[in-house]
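I opened the model to look up a few items and note them here. The entries follow the order in which I checked them.

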Amino acid sequence: MRYLRQLSNSMRCLPVALPLCAALIFGCQGKVIGPPGVGASGTGGTSGMGGAAGIDVPCAGPSDPRMVVAPQRIMLLTKPEIINTVTYLIDKTEADALVSSGMVELIPEPNRHFPPADGEEQSINDTSILPLNTLAGHVSEYVTTNFSTLAKCATVTDACATTYLNTLAAKAYRRQLTTDEQTGFTNLYSTLKSQMVNGYAVTNTVQQAAGYAVWALLMSPQLVWRWEIGGTQVSSAPPGIYLTDDELASQVSFFLTDQPPDDMLLVAARAGTLRANLASHVSRILQTAQGKNWMRHVMELYFLLNQIPASPVDPTKFPVVDSGLLASMANESRLFLDNVLWGSSSTLSDLLLSRTTFVNDRLATQVYKIPMPAGATLDNFVQTTLPADQRSGILTNAGFLTARSRSDGQDLVSRGKAVKAAFLCIPSAPPDETLKGAIAAATATLNMQTGQQQAASRAGNKICGQCHATFDQYGLALEFYDAVAAYRTTYDYLPGTPAIDGTTTLPPVLGGATVRNAVELAQSLADSPTFTNCLATSMLQYAMTELNAQVQLPLAPAQSGCAAADVVQRYGSGSSKTFTGLVTAVTQSPAFVVRRAAP
């Protein structure tokens, strides 16, 4: 906020600078606790991040302070959330124009990570405020040009303009305006309509004044930041401060849709009934297209499916691969997720066990090698059932496997690390820079060995063994799939075409069972609480937005990831063993609705 004040103090409000000045002067009246996001630290338990206080101390139940993860805070909206806010306040035409013009530099889709806010700016500075000002100016011109249509004014008058602007401001603030705010915004419009500047009368039309007011609105801190300060209601077990209903409306809406709260959430917040009826609102939103599409996209990021178009598979080694096949895989992955996340009879375990997918002619004949279903064409995807001895859920999905492939087809390591991260929530650190030469030398000889030989060689190597022992076993189970996920039983590129052996022993966290292939690995993951613990931890971490509000795994024996353990308990005791049931459990947890009091 100091940057806003510096700019405000340094600018003279000449006509060309009026909108930005108005935004700064009008917007900077709110109280700021911060700086936002700085110094926040979690004690509730991301996935393997660790480092929080009390990690080895068992949870003490509902009163445990570690049930609350995030402190009171103010968070900057992400660029996609700003674009979604423009859609919400103005219309999709203008939001699309902002993106297509390049005015808003969004992170390219293949470069995005889970959670979705990862890599987004966390603060406003002298550099980042200028693109925001440019965006606001573009929207201002659009409102000026299309005022009658947007404001639905039968006659363009000051009264119509102020009604439109105050309604817009309440939606922008994601809450009701106070009397002072409403008066201030009305006065701002009047000032923009006619004022004296350096002895000169500056006047604007109704349309121009409304456009300038929208410029100011889009740069106001109340819009640009998400507020989680809480109100007067205090939680004693666990200790903390409840979010206000207005703040909760924003929290649940950005979590489930990446958009500002809809009218029903705002009405419930205004009536003070949102917290008591939160589960029903979650269910309602997850039945909308916005909720389904966004949460499915969150899972695409989670399983790295957004990286399918950037797969490094070498077409000279695998001639079947091209942009068209990769696009088919991405579409199939979306359809698969939609089916298992929202299907009427689907459960959470179907993410790992479902053999139902959707194929076009290329996927059927070139990847899955199954008879082409009736009606399947290049553009038409048809539901089908994959072979039970070859495929099981997302683990053997063509897109998931291909996104984790390497250019040379040596995919054991990259896929093993992906399974470890996505299903056990244990990320793998990159190798030390000083070891890269030795690793490259070892890899050159390993590439002419079977998967079992590679794993055995690394296990006996001091440089490689300790790290690879934590993920090579998962890669071994996936050796039956080539770089484009086609099923195979031999290493055709090795002398003598040796048979593939996927037999491996899983770690104790998965029961220590011996599995022979990916289908058995998927079943072991589904039978273990590990995957549910991991997904609950990850979804709660996403709900917390900031990575420094850490959510830790509820691992035995201490079970000290209290916040995630609470989500798992709520999910387990609930009637719905679906993805919706897990998401609902996240929103019912203390971590979602309570914030730790700022010191």
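Over how many bridges do strand 6 and strand 11 pair, and in which sense, parallel or antiparallel? I found 2 bridges, in the antiparallel sense, between strand 6 (residues 239-242) and strand 11. I took strands as DSSP runs of E of at least two residues and helices as runs of H or I of at least four, numbered from the N terminus. Two strands pair if DSSP finds at least two bridges between them.

Before going on, I noted that this is a predicted model, in which local features need pLDDT of at least 70, side-chain atom pairs count only at pLDDT 80 or more, and totals for chains, interfaces and linings use all residues. Residues are numbered from 1 along each chain as its sequence is written, and side-chain values use heavy atoms, with hydrogens and water left out.

In strand 11, valine 594 stands opposite tyrosine 242.

**Glutamate 228.** I located glutamate 228 in strand 4 (residues 225-228). Its relative accessible area is 1%, so glutamate 228 is buried; buried means under 20%, exposed over 50%, and partly exposed in between, with a 1.4 Å probe and protein chains only. I then listed polar contacts (N or O atoms within 3.5 Å; within protein, one able to donate a hydrogen and the other to accept it, with residues adjacent in sequence counting only if both atoms are side-chain atoms). The side chain of glutamate 228 makes one with the side chain of arginine 595 at 2.7 Å, and another with that of arginine 226 at 3.5 Å. Leaving out residues up to four places away in sequence, glutamate 228 touches residues including Gln72, Arg73, Leu243 and Arg595, where contact means heavy atoms within 4.5 Å.

**Aromatic rings.** I searched the whole structure and got 15 aromatic pairs. Rings of Phe, Tyr and Trp (its six-membered ring) pair if their centres lie within 6.5 Å; planes under 30 degrees apart are stacked, over 60 edge-to-face, the rest tilted. Phenylalanine 400 and phenylalanine 423 have ring centres 6.2 Å apart and planes at 80 degrees, so I logged the pair as edge-to-face. Phenylalanine 400 is in helix 18 (residues 398-403) and phenylalanine 423 in helix 19 (residues 412-424), 23 residues apart. Both are buried. One aromatic cluster includes Phe400, Phe423, Phe303 and Tyr542.

**Whole chain.** I counted 28 helices and 11 strands. Of the 599 residues, 54% count as buried.
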